[in-house]
Amino acid sequence: MISTYVEALGEIDSQLENITFLETLINYGRCFRIMTVYSHPLYYEIAFSFVDAKKQVDLFERFIKKYSKIEVRRFLDIGCGPSLQLREIARRGYEAVGLDLSFEMLEYLKSRAKEEGLKVETAQADMTNFKLREKVDFAFIMMGTISCIESNEKFLRHLDSVADALKSGGLYLIENFRLDWASKDFFGSQSWTMERNGIQVKTTYNIELQNALTQMLKETIKLEVNDHDKQLVFEESGNMKMIFPQELLALVEWNNKFEFIGWFERSRMKKLAKTNRDNLIILRRK
Ligand SMILES: C[S@@+](CC[C@H](N)C(=O)[O-])C[C@H]1O[C@@H](n2cnc3c(N)ncnc32)[C@H](O)[C@@H]1O
C-alpha cells in the first residue's frame, strides 16, 4: 500500500500557527517557488533525463557494501522529485521512500511507479524538519538538492532530521555539494536541451552572488518547453547559502550524529583529489 510516512509535517505547517503578515508573504513566496518548475514533473524529468539511475544505484550498492555497518532494505530519497533512482531501487526489490515538498512531484512519482507495478511510498515534508514513522537504512539526496537549504541553522536541522530517520550505522549520500566554489565557471549559466516523445525541453541554470559576507547565492532555473503545439516557459529563483567544504566538516562535527567518511567522485568509489562540481559526500550515522 502506498502511504504517507510523516508524523510532523515540518516547518511549513508549524510556521502557519503564529502567522504574521510578513510570514504570510514569506510562505506565499515559498509556495510560489515550488508551484513553478517543481510543479511540472514531466517536463522536469525530461530536462534531467540524461541521468543513468541504474549506474547510480549500482554505485549506492557498492558504497553500502564497503561502508555501511548495517544491511540495507529500505531507502529514502530526500527532495526526490520524479526520482528515477527510487523506481530503480523498487525494481531491485528494496523498499523505497520519497520525500519532497512538492505534491505534484510525489503524485507523479507514485503514478509512474504504479504504471510499472512498483511500490514507492511518499512523504510530503520539508527536508529541514521531518520525522518518519519507520526508520530507513540508507538515505540520499541527489543533484545538488542539498543547496536548497538557506542557512547553517537549517542545515543543522536537516542533519538532525536525517539522523532521526536513519538507523545507526546507515549511510547518508549527498550528491553534488557545492565544492567547486573556486572554479572559474562556478558563477554563470549552463544550458542544455533534451527531448522525449516529441516534447522538447531547453533548461538554463544560473548561479549568481547575492552577498559575499553572508555567503548568499541566487539560483535560477528556467525550462522552455515545446510540447507539440504548446510553447511554455517555467522559471524560478531561490536563495541559498554557500557552505564551504571546511565549514561543512565543522557543521557535521558540531551536529555530532554522523561520521564523515569522505568526498568522492560522482560516478565511482574514488576519493576526490581536488574539488569538483560532480561529487558525492558519504556520512555514516553514529
Ligand atoms: C533539483 S530537484 C531534484 C529532484 C531529484 N532528486 C533529481 O535528482 O532529479 C529538487 C527537489 O527538491 C524539492 N525541494 C526543494 N526544497 C525542498 C525542501 N525544503 N524540502 C523537501 N523538498 C524540497 C523540490 O520540490 C524538487 O523536487
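The structure is a predicted model, in which local features need pLDDT of at least 70 and side-chain atom pairs count only at pLDDT 80 or more, while totals for chains, interfaces and linings use all residues. Residues are numbered from 1 along each chain as its sequence is written. The chain has 8 helices and 11 strands, where helices (H or I, at least four residues) and strands (E, at least two) are DSSP runs numbered from the N terminus. Of its 286 residues, 33% are buried; a residue is buried if 20 or more other C-beta atoms lie within 10 Å of its own, exposed if 12 or fewer, and partly exposed in between, with C-beta atoms placed from the backbone.

**Contacts and core**

- Among the contacts in the chain with a separation of 6 or more, 67% are between residues 24 or more positions apart, two residues being in contact if their C-beta atoms, placed from the backbone, lie within 7 Å.
- The largest nonpolar core has 60 residues, and Leu99, Val136 and Ala139 have the most contacts inside it; a nonpolar core is a set of buried Ala, Val, Leu, Ile, Met, Phe, Trp, Tyr and Cys residues joined through C-beta atoms within 7 Å.
- This core lies between domain 1 (11-180 + 244-285) and domain 2 (188-241), because both give residues to it, the domain bounds coming from an automatic or database domain assignment.
- Leaving aside neighbours within four places in sequence, the contacts of Leu99 include Leu76, Ile78, Ala123 and Phe130.

**Strand 11 and its partners**

- Strand 11 (residues 279-285) is largely enclosed by the rest of the structure, because 6 of its 7 residues are buried.
- Strand 5 (residues 166-175) runs antiparallel to strand 11 and is joined to it by 5 bridges, two strands being paired if DSSP finds at least two bridges between them; in this pairing Leu173 has Ile282 as its bridge partner.
- Strand 10 (residues 258-265) is also antiparallel to strand 11, with 7 bridges joining the two, and Glu265 has Asn279 as its bridge partner there.

- Arg74 is in strand 1 (residues 74-78) and counts as buried, with 20 C-beta neighbours inside 10 Å.
- Although Arg74 and Glu134 are 60 residues apart in sequence, their C-alpha atoms are 9.4 Å apart in space.
- Asp100 belongs to strand 2 (residues 95-100) and is buried, with 27 other C-beta atoms within 10 Å.
- Asp100 and Gln124 are 24 residues apart in sequence and 5.2 Å apart from C-alpha to C-alpha, and Gln124 is one of the residues that Asp100 touches when those up to four places away in sequence are not counted.

**Ligand surroundings and positive phi angles**

- The ligand is surrounded by 18 residues, of which Gly79, Gly81, Met127, Met142 and Met143 are the closest; a residue is near a molecule if its C-beta atom, placed from the backbone, lies within 6 Å of it.
- The shell around the ligand divides into 10 nonpolar, 6 polar and 2 charged residues, with Ala, Val, Leu, Ile, Met, Phe, Trp, Tyr, Cys and Pro counted as nonpolar, Asp, Glu, Lys and Arg as charged, and the others, Gly among them, as polar.
- Met143 lies in the loop between strand 4 (136-141) and helix 7 (152-165), and has a positive phi of about 55 degrees although it is not a glycine.
- Asn197, in the loop between strand 6 (188-196) and strand 7 (199-211), has a positive phi near 45 degrees and counts as exposed, with 8 C-beta neighbours inside 10 Å.
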